[in-house]
Amino acid sequence: RQSRTKGRRTIHEEEDNAETPSVRAIITALFILAFVAQLTALNFFRSTDARLLALSLFFSPLGVITRWRLSKLNMWRPNFPIGTFTCNILACALSGSLGSILAGNPDPRERTVLVSVIAGFGGTLSSVARFIVEILEGNDPVLFRLDGMYYAVSSVFWGCVVSFVFRASVDWVESVGQPAAEAAAAAAAAASADGDA
């Protein structure tokens, strides 16, 4: 404890040797604690709906962190928020590709994981609220500035295109793989027929 006199008052300063943790360290510790709690909770949930919820909550922070890092790209072009655009397009690609895999009727465990990734990671990666705010910020009817409308139309257009391409690519891979599998089955049948004769 140090004392010094300033005018008529005496100021007592205490030396604090203990370090105060930063906000970042506290948030990191809470994130790791929540992550471990989610992994532990998966062992206790037995029903499919409960596991779906737990896995969705497990993947959600990853989408939030990705969105937060990509939002820094919004500074690059103020009239077109490229970070939010990238997040929404990545969410469309994820939903398109995993949605087509879901259409192939995977087993219940795979279905639970795929739906959880779409709902947890993809759901937090895309954001309708920020999308609306950026559309409204980009429009100014007095100055006839329609940057928000251009952003909205291009986001919806490219979201549909990317979803279609990712959905169609999975279908294309399956269609290319079917003739090869059929040819291999026919060759195996012919070989077994030759062996029997």
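Helix H2 (residues 48–70) and helix H4 (residues 108–125) approach each other until their axes come within 6 Å, crossing at roughly 35°, where axes are lines fitted to C-alpha atoms, for helices over the stretch in contact, and angles run from 0 to 180 degrees between N-to-C directions. H2 passes H4 in a right-handed crossing; a crossing is right-handed if the near helix is turned clockwise from the far one by less than a right angle, and left-handed if anticlockwise. On the H2 side the contact, meaning heavy atoms within 4.5 Å, is made by Thr 48, Arg 51, Leu 52, Leu 55, Ser 56, Phe 59, Ser 60, Leu 62, Gly 63, Val 64, Thr 66 and Arg 67, and on the H4 side by Thr 112, Val 113, Val 115, Ser 116, Val 117, Ala 119, Gly 120, Phe 121, Thr 124 and Leu 125. The residues of this contact divide into 11 nonpolar, nine polar and two charged, with Ala, Val, Leu, Ile, Met, Phe, Trp, Tyr, Cys and Pro counted as nonpolar, Asp, Glu, Lys and Arg as charged, and the others, Gly among them, as polar.

The model is predicted, so local features need pLDDT of at least 70 and side-chain atom pairs count only at pLDDT 80 or more, while totals for chains, interfaces and linings use all residues. Residues are numbered from 1 along each chain as its sequence is written, and side-chain values use heavy atoms, with hydrogens and water left out.

Ser 56 is buried, with a relative accessible area of 12%, where buried means under 20% relative accessible area, exposed over 50%, and partly exposed in between (1.4 Å probe, protein chains only). Not counting residues up to four places away in sequence, Ser 56 touches Ser 116, Ala 119 and Gly 120.

H4 also packs against helix H3 (residues 82–102), at an angle of about 170° and with the axes 9 Å apart. H3 and H4 are therefore roughly antiparallel to each other, since angles over 145 degrees count as roughly antiparallel, under 35 as roughly parallel, 65 to 115 as roughly perpendicular and the rest as oblique. H3 passes H4 in a left-handed crossing. The contact draws on Cys 87, Asn 88, Leu 90, Ala 91, Leu 94, Ser 95, Leu 98, Gly 99, Ile 101 and Leu 102 of H3 and on Arg 111, Leu 114, Val 115, Val 117, Ile 118, Phe 121, Gly 122 and Leu 125 of H4. By class, the contact of H3 with H4 has 13 nonpolar, four polar and one charged residues.

Two residues illustrate this pair. Gly 122, in H4, is buried at 4% relative accessibility, and, leaving out residues up to four places away in sequence, Gly 122 touches Ala 91, Leu 94 and Val 117. Gly 122 and Leu 90 are 32 residues apart in sequence, yet their C-alpha atoms are 8.0 Å apart in space. Asn 88, in H3, likewise counts as buried, at 12% relative accessibility. Apart from its neighbours within four places in sequence, Asn 88 is in contact with Arg 67, Leu 125, Ser 126, Ser 127, Phe 131 and Tyr 151.

H2 has a further partner in helix H1 (residues 23–44), the two packing at an angle of about 155° with their axes 9 Å apart; H1 and H2 are therefore roughly antiparallel to each other. H1 passes H2 in a left-handed crossing. Phe 31, Phe 35, Gln 38, Leu 39 and Leu 42 of H1 meet Arg 51, Ala 54, Leu 55, Leu 57, Phe 58, Pro 61 and Ile 65 of H2, and by class this contact has 10 nonpolar, one polar and one charged residues. In the loop between H1 and H2 is Phe 45, which counts as partly exposed at 33% relative accessibility. Leaving aside neighbours within four places in sequence, Phe 45 is in contact with Ala 50, Arg 51 and Ala 54.

Of the 197 residues, 27% count as buried. Among contacts between residues at least 6 apart in sequence, 53% join residues at least 24 apart.

Notes. Helix = DSSP H or I, 4+ residues; strand = E, 2+ residues; numbered from the N terminus.
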